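Okay, thanks everyone, let's get going.

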Amino acid sequence: MSDRCYADLLAGGWRALAFSPFRDGVDICWLERGETPNDPSLAVLRYAPGASVPRHRHSGLETIVVLDGAQSDETGELRAGAVALNIPGSAHSVWSKDGCVVLIQWTKPVEILDSEQ
């Protein structure tokens, strides 16, 4: 991994990033992408209003920092500034009613449990 600094992400620096399609309604900017699917990765996800990710299980730790807007799952809503840790073995689906931007770090890939919605 490189020694890049992303110090301004919390202050809106994510707006200058180059995003590409990731899932329906969700764009991604890879900050660090593992060389293999089992390597840790770091990215910024931008959810359009109403976008969602189907139910999935975490095989490793996932860390999320909400940079803008609000992201929801079955446990509730996380607003800008919130941090969530999804431990290995946990499962959830994710959505954003009004859109959001999150910094996300995966230590291992997720397993999609539900088909696309």
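Let's start on the outside: Leu61, Val83, Leu85 and Ile87 make up a nonpolar surface patch, and together they have about 370 Å² of accessible area. Before I go on, this is a predicted model, where local features need pLDDT of at least 70, side-chain atom pairs count only at pLDDT 80 or more, and totals for chains, interfaces and linings use all residues. Numbering runs from 1 along each chain as its sequence is written, and side-chain values use heavy atoms, with hydrogens and water left out.

A patch here takes residues with over 30% relative accessible area and no salt bridge, joining like charges within 9 Å and nonpolar side chains (Val, Leu, Ile, Met, Phe, Trp, Tyr) within 5 Å. A salt bridge is a Lys or Arg side-chain nitrogen within 4 Å of an Asp or Glu carboxyl oxygen. Areas are Shrake-Rupley with a 1.4 Å probe, and for residues only the protein chains shown count as cover.

Now look at Leu85, which is in strand S7 (residues 83–86). Is Leu85 buried or exposed? Leu85 counts as exposed because its relative accessibility is 56%; the cut-offs are under 20% for buried, over 50% for exposed, and partly exposed in between (1.4 Å probe, protein chains only).

Pro109 sits in the loop between S9 and S10, and Pro109 is partly exposed, at 32% relative accessible area. From Pro109 to Arg46 it's 63 residues in sequence and 19 Å in space, C-alpha to C-alpha.

Last stop, the cavity. How many cavities of 30 Å³ or more does the structure hold? It holds one, and the largest cavity has a volume of about 50 Å³. Among the residues lining the largest cavity are Ile64, Asp73, Ala84 and His92. S5 gives the largest share of that lining, four residues. By class, the cavity lining has four nonpolar, five polar and one charged residues.

Definitions and conventions
Helix = DSSP H or I, 4+ residues; strand = E, 2+ residues; numbered from the N terminus. 1 Å grid on protein atoms, 1.4 Å probe; cavity = no way out; pocket = protein on both sides within 12 Å on 5 of 7 lines; lining within 4 Å. Points joined across faces, edges and corners; volume = space filled by probe spheres on them. Nonpolar A, V, L, I, M, F, W, Y, C, P; charged D, E, K, R; others polar.
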